[in-house]
Amino acid sequence: MDEAGEKLPVTLMPNQFVILKADQSARKTQLGRFDGKKIVPLSFHKKKPYGVSPRNVGQKFLQEALMADAEGAPLVIVKGMAGTAKTFYTLAVGLHAMLEQEEPAYRRILISRPNAQFDDDIGFLPGDESEKIAPLLRPVVDNLELLVDQNEKERFADERSLSGKVEELFDRGIVDAQAFNFIRGRSISKTYLVIDEAQNLTPKQAKGIITRAGMGTKIILLGDPQQIDHPLLDKRTNGLSYAAEKMKGSPLCWQVTMSAEECERSALAMDAVKRM
């Protein structure tokens with residue numbers, strides 16, 4: 001409404017998520033998505049992918065975008081500050097799609113994290129590919145540990161067993177990880193492709209990875225435009241922001257922006273996100 005209380009028309013974009021509030025009571029709300037013609041209710045709000053339940057509105061929207069199939073939502077762009085469970089929730093839905101459905105929705109979960117320091121010359125680092133990218137994957141492994149053993153009291157009682165559960169996901173080919181410059185330029189089919197820390201992509205790299213999507217592939221770009229390590233990028237010129245702007249309004253792209261209030265890491269993490 002305007003200052004005079006007159007109702008104003010609302011222009012919505014395809015796949016825009018909305019919170020509908022009743023005129024008589026602001027406490028009564030409904031969540032929905034604009035499908036290009038009308039606002040439709042969420043389809044997956046009652047699901048618990050890999051035993052994980054959404055804790056806030058942002059995560060409910062995130063779950064909807066991630067659980068939609070690759071045909072309807074082949075590209076998902078998620079922006080949010082640290083602690084908003086972007087990576088955790090994305091991996092939970094990926095494991096659900098691979099392990100909890102009668103027929104796996106994808107061939108594999110493929111994870112990559114661009115690294116501003118040595119992405120272009122990773123070939124000169126010692127060791128094989130897995131050894132070269134192991135430092136980049138530690139945050140991903142941390143999230144997988146939380147998912148494969150959700151008993152918080154017993155999770156770290158047997159570190160070897162916990163590590164073995166995560167290694168099994170990689171050994172069975174359910175989860176794979178590759179350096180970013182090893183996957184760009186390839187056509188990737190029927191893959192749940194997660195690009196973590198996508199704010200460190202250049203616009204050219206973002207375009208390169210999105211245009212590599214083959215049939216049945218779902219691409220998820222995750223990141224925080226406020227936390228950029230690349231010396232030549234800023235919050236507007238990075239690949240995550242570039243892709244979000246260029247794909248805005250596309251019926252094939254679903255976008256979610258998590259708020260600082262949706263930080264679930266800890267009270268300290270939430271306070272730091274707001275202050276720093």
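Reader: Which residue stands opposite I39 of β3?
Author: F34 does. Bear in mind that this is a predicted model.

Reader: How many bridges join β2 to β3, and in which sense do the strands run?
Author: Three bridges join them, and the strands run antiparallel.

Reader: What happens at the start of α1?
Author: A side-chain oxygen of N56 reaches to within 3.2 Å of the backbone nitrogen of G58. G58 is itself one of the buried residues of α1.

Reader: Switching to R33. Where does it sit?
Author: In strand β2, residues 29-34.

Reader: Buried or exposed?
Author: Buried. The relative accessible area of R33 is 14%, and the cut-off for buried is under 20%.

Reader: Which side chain does the R33 side chain make a polar contact with?
Author: That of N15, at 2.8 Å.

Reader: What else is R33 in contact with, leaving aside neighbours within four places in sequence?
Author: The contacts include Q16, F17, V18, I39, V40 and W254. Q16 is 17 residues from R33 in sequence, yet the two are 5.6 Å apart, C-alpha to C-alpha.

Reader: Now the other sheet. What is the order of its six strands?
Author: β6-β5-β7-β8-β4-β9. This sheet is open too, and the pairing is parallel.

Reader: Why is one side of β6 and of β9 left without a neighbour in the sheet?
Author: β6 (175-177) and β9 (253-257) stand at the edges with a single partner strand each, so one side of each has no neighbour in the sheet.

Reader: What does the twist average here?
Author: 15° from one strand to the next.

Reader: How many residues of β8 are buried?
Author: Six of the six, residues 218-223, so β8 is largely enclosed by the rest of the structure.

Reader: Which of them point which way?
Author: K218, I220 and L222 point one way. I219, L221 and G223 point the other way. In a regular strand, side chains alternate between the two faces of the sheet.

Reader: How many bridges does β4 make with β8?
Author: Five, in the parallel sense. I77 has L221 as its bridge partner in β8.

Reader: And how many join β7 to β8?
Author: Four, again with the strands parallel. There, I195 stands opposite L221.

Reader: Through which helix does the chain cross from β7 to β8?
Author: Through α6, residues 203-210, in a right-handed β-α-β crossover. α6 lies across β4, β7 and β8, running at about 155° to β8.

Reader: Last one. Which residue of β9 stands opposite L75?
Author: C253. Five bridges join β4 to β9, and the two run parallel.

Key
Residues are numbered from 1 along each chain as its sequence is written. This is a predicted model: local features need pLDDT of at least 70, side-chain atom pairs count only at pLDDT 80 or more; totals for chains, interfaces and linings use all residues. Side-chain values use heavy atoms; hydrogens and water are left out. Buried means under 20% relative accessible area, exposed over 50%, partly exposed in between (1.4 Å probe, protein chains only). Two strands pair if DSSP finds at least two bridges between them. A crossover is right-handed if, with the strands pointing away from the viewer, the path from the first strand over the helix to the second runs clockwise. Axes are lines fitted to C-alpha atoms, for helices over the stretch in contact, and angles run from 0 to 180 degrees between N-to-C directions. Contact means heavy atoms within 4.5 Å. A polar contact is a pair of N or O atoms within 3.5 Å; within protein, one must be able to donate a hydrogen and the other to accept it, and residues adjacent in sequence count only if both atoms are side-chain atoms.
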